[in-house]
Structure formats: structure tokens, C-alpha cells
Amino acid sequence: MARMTGSEDLETRRREARDELSAIIELKCRLGDDPWEFLPELPSVDEQVVLTMRLERIEAAGLEEERARAYHPTAAHGAAERFEYGVLRGIALDHPGLTRAVWGLLGRLHDAA
């Protein structure tokens, strides 16, 4: 089996993210949710790709405990933001085409804090 290049892998991930988001939209509509209410809250396709890569990176690097400590109620102020910044920055460096999505997610994280 041929190995995918970075751009092919990214396009495959984008197709999978589109399919996933389409399934979420269909499910919410079938459940009677108003699209005008939930669509603005859904991530973009690239943001969905980044979120998937984030989970994979945390698992692959064995960062589950570090994440748990960063999000613990007794964690130092800003620990969760520093943790996410490190993980997401690594994704942006490895996949420059996702940089805008990474910064968008970091902005949302900062706004929620």
C-alpha cells in the first residue's frame, strides 16, 4: 500500500471531517433542533480536522494525565490554556494549512476562559 503524502492525508482528513459534520447536522435536524441555533456553534471542517488530530496527538504522546492535571479544578490559572496551546501549536507547525483553524480554536478557548 502506498504511503499518503501530507497533502493527501490532509484532504482525506477533510473529507472525513465533512462526512462527520454532515452526520451531526442530519442527526440534529432529525431530532428537531433548529439549524439556526446549532450551526454557528459547529466547528468548520478544518477545525474538526484539528480537533481529531488533537485527540490523536494527546493519545499518541501519552498526555492524558498532563491534560487531566491541566483541567483539574485545583490547577494553576491558565494551565489548561498552556496545555492546549502546546498541543495545537504543534499541529499548526506540522500542518501549515491548518494554522488558521488552530488559531481560531485557540481564540475560542481564550474567549471561554
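This is a predicted model: local features need pLDDT of at least 70, side-chain atom pairs count only at pLDDT 80 or more; totals for chains, interfaces and linings use all residues.
Trainee: What span should helix α3 have, and how far apart are its end C-alpha atoms?

Mentor: The expected span of a helix is 1.5 Å times one less than its number of residues. For the 16 residues of α3, residues 45-60, this gives 22 Å, and the end C-alpha atoms are 22 Å apart, which agrees.

Trainee: Which residues of α3 are buried?

Mentor: Buried means under 20% relative accessible area, exposed means over 50%, and partly exposed lies in between, with a 1.4 Å probe and protein chains only. In α3 the buried residues are Glu47, Gln48, Val49, Val50, Met53, Arg54 and Ile58.

Trainee: How many salt bridges does the structure hold?

Mentor: Side chains of opposite charge can pair when their charged atoms come close. A salt bridge is counted when a side-chain nitrogen of Lys or Arg is within 4 Å of a carboxyl oxygen of Asp or Glu, and the structure holds 10 of them.

Trainee: Why are aspartate 9 and arginine 13 separated by about one helical turn?

Mentor: An α-helix has 3.6 residues a turn, so residues three or four places apart point the same way. Aspartate 9 and arginine 13 are about one helical turn apart because they are four residues apart in helix α1, residues 6-30. They form a salt bridge whose closest N and O atoms are 3.3 Å apart; aspartate 9 is partly exposed at 22% relative accessible area, whereas arginine 13, at 19%, counts as buried.

Trainee: Which side chain meets that of glutamate 11 in a salt bridge?

Mentor: The partner is arginine 14, at 2.8 Å from N to O, and both residues lie in helix α1, three residues apart. Glutamate 11 is partly exposed at 35%, while arginine 14 counts as buried at 15%.

Trainee: Are arginine 69 and glutamate 65 buried or exposed?

Mentor: Both are exposed, and they form a salt bridge with the closest N and O atoms 3.8 Å apart. Elsewhere, salt bridges that share partners join Asp9, Arg13 and Glu56 into one network.

Technical notes:
Residues are numbered from 1 along each chain as its sequence is written. Side-chain values use heavy atoms; hydrogens and water are left out. Helices (H or I, at least four residues) and strands (E, at least two) are DSSP runs, numbered from the N terminus.
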